[in-house]
Amino acid sequence: MACKTISFFFFCFLFISIDSISSQRLSDTETDCSKRWIHIRRLPSRFNLDLLTNCSEYPLFDDFCPYLANHGLGPKTHNKSQSWYRSNPLLLELIFHRRMLEYPCLTSDPSQANAIYLPYYAAIDSLRYLYGPGVNNSMEHGLELYDYLQDNEGWIWSRNHGADHFLVMSRPALDFSQSVDVNPPIWGTSFLELPEFYNLTVLIVEGRAWPWQEQAVPYLTSFHPPILGLLESWIKRVRASKRTTLLLFAGGGGVGSSPNIRRSIRNECENSSLSNSSDVYVNNGGGHDYSKMRKVCDIVDCSNGVCEHDPVRYMRPMLRATFCLQPPGDTPTRRSTFDGIIAGCIPVFFEEQSAKSQYGWHLPEEMYRDFAVFMPKEDIVFKGLRILDVLMGIPRDEVRRMRERVIELIPRVVYRKHGSSLDLRARKDAFDIAVEGALRRIHSRLKARDFDQ
């Protein structure tokens, strides 16, 4: 009943206040909306808010009812918190929907729109196919939405065959990439494999190696500042934080005997005489001086999801670390990448698919060498390359420059709180960059299609 109450109030807010919110945004700031107009398609609540009432229906997944609070940001980490929440990454679709209502260039006329936003909670809807009664019908995921778009003001979709539409998915593309011809079904739904949606632009937390529809956007973290002062004070804290740990891994896995990158990380940390030592280490080969390090290697065990809704557990260690290791798990990407950036911790990647080939809008590919370290996982797992040796060989000045580049990226990967102050809205956050990117991609596709015709 509590979940239904949360959903009801959220529903009322969204659809009663949509017009007043958009009008307020346009009057608050002088905005150039040329080629930026977006129409939010009105969908029946069964495609979005009604799905929230099932938040406790999938015991094999999780009960996400507690995290619907604060329009999907989740409960505050403590009563006096203004920016930190126990956010559930699954609810990015909900938060994106709420933020779209504040977008300054909304239009009620779809014929005047440069893009059409579909407020369909695709990942939340997928739970019934992944963990619920629809598991044997997973190839049907999305067909009900397509039928609705065809049968209700179908001209909106058909005028560009969906090429001007976009939506958000808060699970990796792997979960939506099952072939429609697989029988019996295996893991995942077939949403991204349906020919009906080939022209759709999908903003997703992890794309495939050769994506057509999708573009990766940052995972939802727990930091959602409402005013510019709180963002700036956090950045000031990050910049002043004493880095007393060389490298940190926050995560689970790697406890089995089979060789993999997480196992190699654990072995290197646990077997190093420096891992829990206060001994002095000075690199005489031109690298960083670690004489002030209290730890060279630290592990925050996040097995069984214990860190997912407890940012204090991993953010404090990240603030003390110079490098944060981001090994792939079941899929290449990790929410921890963005937690680490928010903490000013230099990311260390072991697959290019973990970030470099994913988040080009938010983390420009040409900048990667300026803010990240890359080591092929095969060199570590099978060729004996030591992570500590590589990181200790990076000169102090270069480490400082890299950390500063990471800190500069913080506003780009944060989803600020809805209803934030005007001065904070003037800074582009992860949402703003994602919407701008979607508009550019849609414009490019439509232009290419017109040229071909």
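**View 1. Pairing of strands E6 and E8 in the predicted model.** Strand E6 (residues 245–251) and strand E8 pair in the parallel sense over three bridges; two strands pair if DSSP finds at least two bridges between them. Helices (H or I, at least four residues) and strands (E, at least two) are DSSP runs, numbered from the N terminus. Thr245 stands opposite Ala321 in E8. This is a predicted model, in which local features need pLDDT of at least 70 and side-chain atom pairs count only at pLDDT 80 or more, whereas totals for chains, interfaces and linings use all residues. Residues are numbered from 1 along each chain as its sequence is written, and side-chain values use heavy atoms, with hydrogens and water left out.

View 2. E8 runs parallel to strand E9 (residues 346–349), and four bridges join them. Within this pair, Gln326 stands opposite Phe349 in E9. From E8 the chain crosses through helix H10 (residues 336–342) to E9 in a right-handed β-α-β crossover, that is, with the strands pointing away from the viewer, the path from the first strand over the helix to the second runs clockwise.

**View 3. Burial of strand E8.** Six of the six residues of E8 (residues 321–326) are buried, so this strand is largely enclosed by the rest of the structure. Buried means under 20% relative accessible area, exposed over 50%, and partly exposed in between (1.4 Å probe, protein chains only).

**View 4. Surroundings of Ile387.** Ile387 lies in helix H13 (residues 387–392) and is buried, with a relative accessible area of 2%. Not counting residues up to four places away in sequence, Ile387 touches Leu247, Ile265, Glu268, Leu325, Phe350, Met375 and Ile380 (contact: heavy atoms within 4.5 Å). The C-alpha atoms of Ile387 and Glu268 are separated by 8.0 Å, and these residues are 119 residues apart along the chain.
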